[in-house]
Amino acid sequence: MVEERCCFNKDALAIKAPKKIHVVLRMFMLAAMMICGIYISSVSLKQIGIQSRPRKLMIKIMEAPCRKPDIPYYEIPYVHYPVPTTYSRDECACTPVRFFSIVSMQRSGSGWFETLLNSHVNISSNGEIFSPKERRSNVSTIIGTLDKIYNLDWYSSASKNECIAAVGLKWMLNQGLMENHARVVEYFSQRGVSVIFLFRRNLLCRLVSQLANDHDRSARQLHGTHKAHVHSESEANILARYKPRINTSELIPTLKHTDKFATDALGYFKNIPHIVLYYEDIVRNHTKLMDVLEFLRVPKRKLVSRHVKIHTRPLHEQVENWDDVYSSLKGTEYKSFLNSDYGADQVFKRKRKKGGNPTV
């Protein structure tokens, strides 16, 4: 009995030893948890104290873009509110601006047409911006220049301090426009730019004017200076004395090329909002310019220009080898050009007799 009890006690002692180890581990874990709890609590209190400090909130109020309720929804893409980087528009900031480009060819009346538009207080057309080759050397340069113009950051003699409602430029087809037409069409579509096409119906008259202008470029008939446009009748008479001799062997191919050039341009920009004008129609019909003002959504008013027409005589009196030219075009699709734009010339003559320069 004693031995059995002793054995039992030994076994009991062997079993109770692990319980002491568990108690020690529990006490250690409890102490560790208390330390971690105290640490976490202290950190939390610090963060609460930091967050409880008052903060200065920077609230930037974004001004709502200007909108006029009388603008139809379908015209909103073509109405802009530029923010120039070089100056502030101030009270004109909410004056809607439309972007346009006069697309034409040399000696098609575009210079005269642009001065008429610029006589309007709300229109600013900046001339042949892409005449210098460096401005049209690549697409990036062209786009950068257009951005500057339509942001009202381009300075020229046509720039105005008044509230501009339409801003644009005069762009000749041979000044990088046709070579980069795809990218330009994309740009016009994205920026909401409208196009004013201005061509000349009588391409033979345009050719005579071009040859005469090329001659004066080298001859410099006006006191040693070259002038593409004149502001007095005496200067016009001096330049009109020159009669170009036309190369008849290249006449029809030249007319075909010019005609195709204009037709291609109309095709490229057919999906861009546009208006098509012809020099002869504007001279004969004063309401054509009012159509342009309506197209640009600016108030209608009288437009004036100081330009004086150079060639006012019948076409057969302006060409040295007229008989050869007549024979070359008679019976062809260009035979109507032999009649010249004589009606338009007479309009200019009547205006001169009344005194003053052509006004529309």
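The volume is the space filled by probe spheres set on the points, with grid points joined across faces, edges and corners, and for the largest cavity that comes to about 80 Å³. Its lining residues, meaning those with an atom within 4 Å of a point, include Arg 107, Asn 213, Asp 216, Lys 227 and Tyr 242. Helix H6, residues 203-219, gives the largest share of that lining, with 4 residues; helices (H or I, at least four residues) and strands (E, at least two) are DSSP runs, numbered from the N terminus. By class the lining has 5 nonpolar, 4 polar and 3 charged residues, where Ala, Val, Leu, Ile, Met, Phe, Trp, Tyr, Cys and Pro count as nonpolar, Asp, Glu, Lys and Arg as charged, and the others, Gly among them, as polar.

A word on conventions: residues are numbered from 1 along each chain as its sequence is written, and side-chain values use heavy atoms, with hydrogens and water left out. Since we are looking at a prediction, local features need pLDDT of at least 70 and side-chain atom pairs count only at pLDDT 80 or more, while totals for chains, interfaces and linings use all residues.

Now to the open space, and what is a pocket here? It is an open set of points with protein on both sides within 12 Å along at least five of seven lines. The largest pocket holds about 930 Å³ of space, and of the 44 residues that line it, the closest to its centre are Gln 106, Arg 107, Ser 108, Gly 109 and His 229.

Strand S1, residues 98-104, is joined to S3, residues 166-172, by 7 bridges, and Ser 104 stands opposite Met 172 in S3.

Because Lys 170 lies in strand S3 and Glu 114 in helix H2 (residues 110-118), the pair ties together parts that are 56 residues apart in sequence. By this rule the model has 11 salt bridges.

Finally, H8 packs with helix H11 (residues 322-329) at an angle of about 65°, their axes 10 Å apart; axes are lines fitted to C-alpha atoms, for helices over the stretch in contact, and angles run from 0 to 180 degrees between N-to-C directions. Leu 251, Ile 252 and Leu 255 in H8 meet Val 325, Ser 328 and Leu 329 in H11, contact meaning heavy atoms within 4.5 Å.

Definitions and conventions. On a 1 Å grid over the protein atoms alone, a cavity is a set of points where a 1.4 Å probe fits but cannot get out, and a pocket is an open set with protein on both sides within 12 Å along at least five of seven lines; lining residues have an atom within 4 Å of a point. Two strands pair if DSSP finds at least two bridges between them. A salt bridge is a side-chain nitrogen of Lys or Arg within 4 Å of a carboxyl oxygen of Asp or Glu.
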